[in-house]
Amino acid sequence: MITREQALEFAHAWVNAWNSHNLEEVLSHYTDDFEMSSPFIKQMGIAASGTLKGKDAVADYWSRAMVKYPDLHFELKEVLSCIHTIIIYYNSIAGKKAAEFFELNEEGKVFRAMGHYD
């Protein structure tokens with residue numbers, strides 16, 4: 001079970017990795033075969049399903065996003081948790097509100113993630 005402290009630690013590390021534009025650090029939070037779903041995957045023409053599987057595929061998508069948004073900066077607003085999940089609510093690019101849902105394995109690595117945006 002994820003404690004409040006573990007959820008906060010994960011959220012701060014995740015946001016800091018993104019804000020430093022350190023793709024390797026961002027990816028360190030995920031399993032090699034994790035699955036990521038986001039409407040931006042579809043909007044950018046990367047996958048019609050809006051879902052990618054595996055670090056290589058997601059790394060390509062995220063590296064494109066980092067190039068497209070060089071001033072990317074996330075502002076953490078709230079962190080919610082359940083038994084094996086965390087939701088991070090934050091301000092994203094262009095002032096958009098975002099909520100990321102993370103499902104973690106026993107080692108605390110994300111194996112499924114879903115981005116939600118206003």
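Strand S1 (residues 30–37) and S2 run antiparallel and are joined by three bridges. Helices and strands are DSSP runs, numbered from the N terminus (helices: H or I, at least four residues; strands: E, at least two). Ser37 has Thr51 of S2 as its bridge partner. The model is predicted: local features need pLDDT of at least 70 and side-chain atom pairs count only at pLDDT 80 or more, while totals for chains, interfaces and linings use all residues. Residues are numbered from 1 along each chain as its sequence is written, and side-chain values use heavy atoms, with hydrogens and water left out.

The sheet is open and has six strands, in the order S2-S1-S6-S5-S4-S3. Its pairing is mixed; two strands pair if DSSP finds at least two bridges between them. Strand S2 (51–53) and strand S3 (75–81) stand at the edges. Each has a single partner strand, so one side of each is left without a neighbour in the sheet. On average, neighbouring strands are turned by 20° against each other, direction ignored.

Two helices lie across strands of this set. H1 lies across S1, S3, strand S4 (85–91), strand S5 (97–104) and strand S6 (110–117). Its direction is at about 150° to S3. H4 lies across S1 and S2, at about 55° to S1. Contact means heavy atoms within 4.5 Å. Axes are lines fitted to C-alpha atoms, for helices over the stretch in contact, and angles run from 0 to 180 degrees between N-to-C directions.

Pockets were located on a 1 Å grid over the protein atoms alone. A pocket is an open set of points where a 1.4 Å probe fits, with protein on both sides within 12 Å along at least five of seven lines; lining residues have an atom within 4 Å of a point. Grid points are joined across faces, edges and corners, and a volume is the space filled by probe spheres set on the points.

The largest pocket holds about 330 Å³ of space. Its lining has 16 residues, with Ile2, Gln6, Leu104, Glu107 and Gly108 closest to the centre. Helix H1 (residues 4–19) gives the largest share, five residues. By class, eight lining residues are nonpolar, five polar and three charged.

The second largest pocket has a volume of about 270 Å³. It is lined by 18 residues; Phe40, Tyr61, Ala65, Ile93 and Tyr117 lie nearest its centre. H1, helix H3 (39–43) and helix H4 (55–68) each supply at least two lining residues. H4 gives the most, four. This lining has 14 nonpolar, two polar and two charged residues. Ala, Val, Leu, Ile, Met, Phe, Trp, Tyr, Cys and Pro count as nonpolar, Asp, Glu, Lys and Arg as charged, and the others, Gly among them, as polar.
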